[in-house]
Amino acid sequence: MIDSSRETKAYLVGGGIASLAAAAFLIRDGEFPGENIHVLEELPLAGGSLDGRGAAEQGYVTRGGRMLEDEAYTCLWNLLETIPTLDDPDRTVRQEILAFNEQWPTDAKARLIDRDHRILDASQLGLDTRDRMELARLLALPESVIGPRRIDEFFSEHFFATNFWAMWRTTFAFQNWHSAIELKRYFLRFVQEFPRIHTLSGVRRTRLNQYDSIVRPLVRWLTERGVRFEHGVTVRDVDFTEDRGIRRAKRLHLDRDGRPETLELADPDLAFITLGSMTADAAYGSDDTVAELVRDKRDGGWALWETLSRKAPDFGRPAVFNGNIAEAAWQSFTLTMRSPALLKRIEEFSGNAPGTGALMTFKDSPWLMSVVVPRPPHFEGQPEDVLTLWGYGLFIDTPGEHTGKAMAESTGREILDELLGQLGFDDIADEVRATTTVTTVMMPYITSQFVRRGVHDRPLVIPHGARNFAFLGQFVEIPEDVVFTVEYSVRGAMHAVYRLLGLDNPIPPVYHALSDPKTAFQALKTAFG
């Protein structure tokens with residue numbers, strides 16, 4: 001057991017949600033002195049991939065948005081139940097989310113749209129007997145048998161043309177070439193969504209974007225308890241010692257504002273090290289510029305893991321995840337609108353008021369484009385007469401139907417033109433173009449955690465023999481849980497803190513919908529009935 005006394009220090013490498021959660025669990029559950037916790041972050045803001053920024057004049061942007069879920073997100077809710085909101089100290093972030101979703105429940109009425117601008121009956125999943133047999137086979141196979149095989153090795157062409165796959169893949173951002181193991185985990189983790197995949201009524205959203213609604217309250221709570229946020233700090237390497245199978249982190253090598261430093265760790269000190277980054281080298285475009293697809297690892301988001309992986313065979317293999325940008329990249333975009341014309345038309349077309357719909361996917365779009373309209377305001381300080389919309393495309397190299405250009409080669413205005421064409425809103429196109437700012441984001445590694453992998457490609461949260469260090473983030477191995485979720489990062493942080501401190505606190509189990517007879521019956525009836 002680690003002694004969390006006044007002399008013991010904890011160093012958290014990276015300022016993403018995993019590190020923030022670990023810091024909170026250290027204080028809340030481990031009674032760790034906040035002033036002894038150091039968050040070492042290269043960027044000027046904490047939050048990692050949970051971002052949200054901009055202004056009405058220049059335009060707002062989020063790289064992505066996490067759709068939360070009641071049943072499956074047990075560790076995240078455990079964390080947010082004790083974090084007050086920014087504007088009401090008597091209300092927790094969890095309570096705010098519950099209240100917001102009760103007021104604006106999700107019930108998508110236009111989940112799929114075809115090339116003729118018609119809303120499809122998405123409740124008709126389109127699965128045939130062979131599709132169901134293939135689905136059952138994947139669910140039945142153990143991960144050791146599935147191995148590093150692709151999704152499209154388990155399903156026929158008919159399955160990939162179904163409404164079910166169009167909705168499932170765009171909800172969770174799967175490509176046909178991604179890991180079949182990860183898809184199986186998602187099926188098991190979210191099987192409760194089968195009966196409501198066409199409405200996404202199980203989705204829970206934050207009141208504002210997740211930076212404003214989750215990160216900022218969490219950072220304030222930590223700061224009030226003395227946690228030291230040290231920005232402009234890049235950890236380059238970690239030295240470890242090993243003695244009779246016991247491994248310790250002994251030294252951090254870092255750059256602070258460009259100057260090298262060495263930080264010695266005493267035996268009781270702790271190191272929580274975030275590995276990799278799904279938003280590394282994200283590049284931005286504008287109305288008139290194209291977001292660059294960065295291929296040469298400029299921001300260093302992977303460098304630390306690459307260095308550490310050479311020190312021990314069980315520290316993972318980052319090259320598996322960052323070695324094929326073509327299979328991991330996609331592009332998102334945020335519209336900042338100073339006219340209500342587009343959102344009014346979308347509301348009339350879809351039957352959903354802003355904030356009550358979900359992803360609208362253009363099933364026949366060459367880019368497989370999807371958009372969602374949040375409830376305004378979506379950003380802190382957003383004026384009432386300024387509105388936003390977020391979207392993304394899974395196929396960035398295919399020529400657009402209306403622009404003839406690949407998404408990866410398109411400016412913000414060209415992406416807006418493609419969207420208007422998919423909607424068939426030619427009559428308001430001029431007004432929308434004149435009153436809308438488009439910010440695009442190209443992310444080379446955004447689905448890198450879904451790539452085909454072997455059993456040892458991701459390290460354990462607590463490697464064998466580790467006494468004072470743990471690995472965090474989306475690229476550690478947590479059996480049965482699903483990556484590309486905030487829950488995964490928070491669960492890993494909880495596991496790391498409780499194990500290193502020797503706490504007996506129970507970790508909420510991974511949710512298994514099939515263990516609940518009623519939920520299992522409804523899900524299986526939908527998929528196999």
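## Burial and the model

A residue counts as buried when its relative accessible area is under 20%, and as exposed when that area is over 50%. Phe450, at 0% relative accessibility, is therefore buried. The structure described here is a predicted model.

Helix H1 covers residues 17–28, and its end C-alpha atoms lie 16 Å apart.

The buried residues are Ile17, Ala18, Ser19, Leu20, Ala21, Ala22, Ala23, Ala24, Phe25, Leu26 and Ile27.

Glu31 belongs to the loop between H1 and strand S2 (37–41). Its relative accessible area is 68%, so Glu31 is exposed. The phi angle of Glu31 is near 55°, a positive value in a residue other than glycine.

## Aromatic pairs

There are 36 aromatic pairs in the structure. One of them joins Phe159 and Phe160 in an edge-to-face arrangement, with 5.5 Å from centre to centre and 80° between the planes. Phe159 and Phe160 are both buried.

Tyr186 and Phe450 form another pair, with ring centres 5.6 Å apart and planes at 85°; the pair is therefore edge-to-face, since planes over 60 degrees apart fall in that class.

## Charges over rings

Two arginines are placed over aromatic rings. The charged end of Arg53 sits over the ring of Tyr284, at 4.7 Å from the ring centre. Arg375 lies over the face of Trp104, 3.6 Å from the centre of that ring.

## Cavities

Five cavities of 30 Å³ or more are present in the structure. The largest cavity holds about 670 Å³ of space. Its lining consists of 37 residues, and Gly64, Gly65, Arg66, Met67 and Gln210 lie nearest the centre. By type, the lining of the largest cavity divides into 19 nonpolar, eleven polar and seven charged residues.

Strand S5 (68–69), helix H7 (163–172) and strand S17 (387–393) each supply at least two residues to the lining of the largest cavity. H7 gives the most, with three residues.

The second largest cavity has a volume of about 80 Å³. Among the residues that line this cavity are Ile346, Ser350, Asn352, Met360, Val372 and Val373, together with Ala353, Pro354, Gly355, Thr356, Gly357 and Ala358. Its lining has seven nonpolar and five polar residues, and no charged ones.

## Backbone details

The peptide bond from Pro376 to Pro377 is cis, with omega near -5°. Pro377 lies in the loop between strand S16 (369–372) and S17.

Asp281 has phi near 60°, again a positive value in a residue other than glycine. Asp281 is located in the loop between strand S12 (270–274) and strand S13 (283–285). At 6% relative accessibility Asp281 counts as buried, whereas Glu31, at 68%, is exposed.

How values were computed:
Residues numbered from 1 in each chain as written. Predicted model: local features only at pLDDT ≥ 70, side-chain atom pairs only at ≥ 80, totals over all residues. Heavy atoms only, no water. Helix = DSSP H or I, 4+ residues; strand = E, 2+ residues; numbered from the N terminus. Expected span 1.5 Å × (residues − 1). Buried < 20%, exposed > 50% of the residue type's maximum accessible area, 1.4 Å probe, protein only. Phe/Tyr/Trp six-rings, centres within 6.5 Å; stacked < 30°, edge-to-face > 60°. Lys NZ or Arg CZ within 6 Å of the ring centre and 35° of its normal. 1 Å grid on protein atoms, 1.4 Å probe; cavity = no way out; pocket = protein on both sides within 12 Å on 5 of 7 lines; lining within 4 Å. Points joined across faces, edges and corners; volume = space filled by probe spheres on them. Nonpolar A, V, L, I, M, F, W, Y, C, P; charged D, E, K, R; others polar.
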